Amino acid sequence: MKKQPWLLYALTTTLFWGVWGALIEIPEKAGFPATLGYVVWSLTMIPCALLALKFIHWRLDHDWKSIWYGLIIGFLGSSGQLVLFQALKEGPAYLVFPIISLSPTVTVLMSVLFLKETTNKRNWAGIIIALIAILLMSYQEPQNGNKGFLIWFSLAIFVFLAWGTQAFFMKLANNSMKAESIFFYMMISGILLAPLALFMTDFSQPIYWGFKGLSLNIIIMTFNSIGALTLLYAIRFGKVIIVAPMTN
């Protein structure tokens with residue numbers, strides 16, 4: 001682990017996002033909308049961002065290039081999440097999720113073409129197997145019809161491209177700025193889009209504010225935020241063509 005710190009960070013992201021993914025449906029099924037969950041997530045980013053800045057003694061990268069990179073990364077991730085909500089409203093989840101789950105292919109292709117990242121045959125075999133596994137694990141049994149194909153497919157492709165491109169820019173930005181600064185700007189962009197998530201929330205429906213709603217959502221989204229921070233560290237020290245499929 002000392003020789004390969006990226007692996008420790010990648011495994012931490014996988015663990016924390018695994019817990020998040022396993023529990024995230026509980027608040028939604030209890031009656032706490034996913035769009036409000038987004039707002040909660042954006043707020044849980046704040047303490048993580050402040051803690052990260054404390055690690056670097058508050059030396060935030062604030063040149064225009066760093067701000068630009070940070071906001072691009074943040075808006076790609078946050079807008080992808082909001083568009084995903086709409087895609088799931090318009091189309092069948094069993095088709096939407098396999099499409100967006102393959103976003104690491106975008107990361108791998110862009111990193112090979114523009115960052116000239118490469119690895120050995122064994123790692124390439126692992127990357128290919130991981131991508132196949134992601135696709136198979138994302139498959140869900142059909143539950144409804146395939147209506148409005150053009151709308152939901154376009155939305156799903158947007159998320160697919162946004163999240164794949166985001167990981168590429170994470171690596172690109174890590175070459176010139178601190179990971180903690182990237183996370184800070186990710187937090188800013190996430191909060192800026194929170195009003196849109198509120199607008200997308202149907203407040204005419206009953207909302208459950210009990211422990212399984214708001215409180216549990218705060219805990220779950222904190223896992224997500226910590227995982228996002230450790231992902232940046234994994235990409236800083238490792239090759240994104242390996243980290244992206246592994247953590248996805």
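This is a predicted model: local features need pLDDT of at least 70, side-chain atom pairs count only at pLDDT 80 or more; totals for chains, interfaces and linings use all residues.
Modeller: Residues are numbered from 1 along each chain as its sequence is written, and side-chain values use heavy atoms, with hydrogens and water left out.

Biologist: How do you know that the length of helix H3 agrees with its number of residues?

Modeller: Helices are DSSP runs (H or I, at least four residues) numbered from the N terminus, and the expected span is 1.5 Å times one less than the number of residues. The 22 residues of H3 (residues 34–55) should therefore span 32 Å, and the end C-alpha atoms are 32 Å apart, which agrees.

Biologist: Why is the pair of Tyr38 and Trp41 called tilted?

Modeller: Rings of Phe, Tyr and Trp (its six-membered ring) pair if their centres lie within 6.5 Å, and planes under 30 degrees apart count as stacked, over 60 as edge-to-face and the rest as tilted. The centres of Tyr38 and Trp41 are 5.3 Å apart and their planes stand at 50°, so the pair is tilted. Both residues lie in H3, three residues apart, about one turn of the helix.

Biologist: What makes the pair of Phe168 and Phe169 edge-to-face?

Modeller: The Phe168 and Phe169 rings are 5.5 Å centre to centre with 80° between the planes, which is edge-to-face. Both are buried (under 20% relative accessible area, with a 1.4 Å probe and protein chains only; exposed is over 50%, partly exposed in between).

Note on methods
Helices (H or I, at least four residues) and strands (E, at least two) are DSSP runs, numbered from the N terminus.
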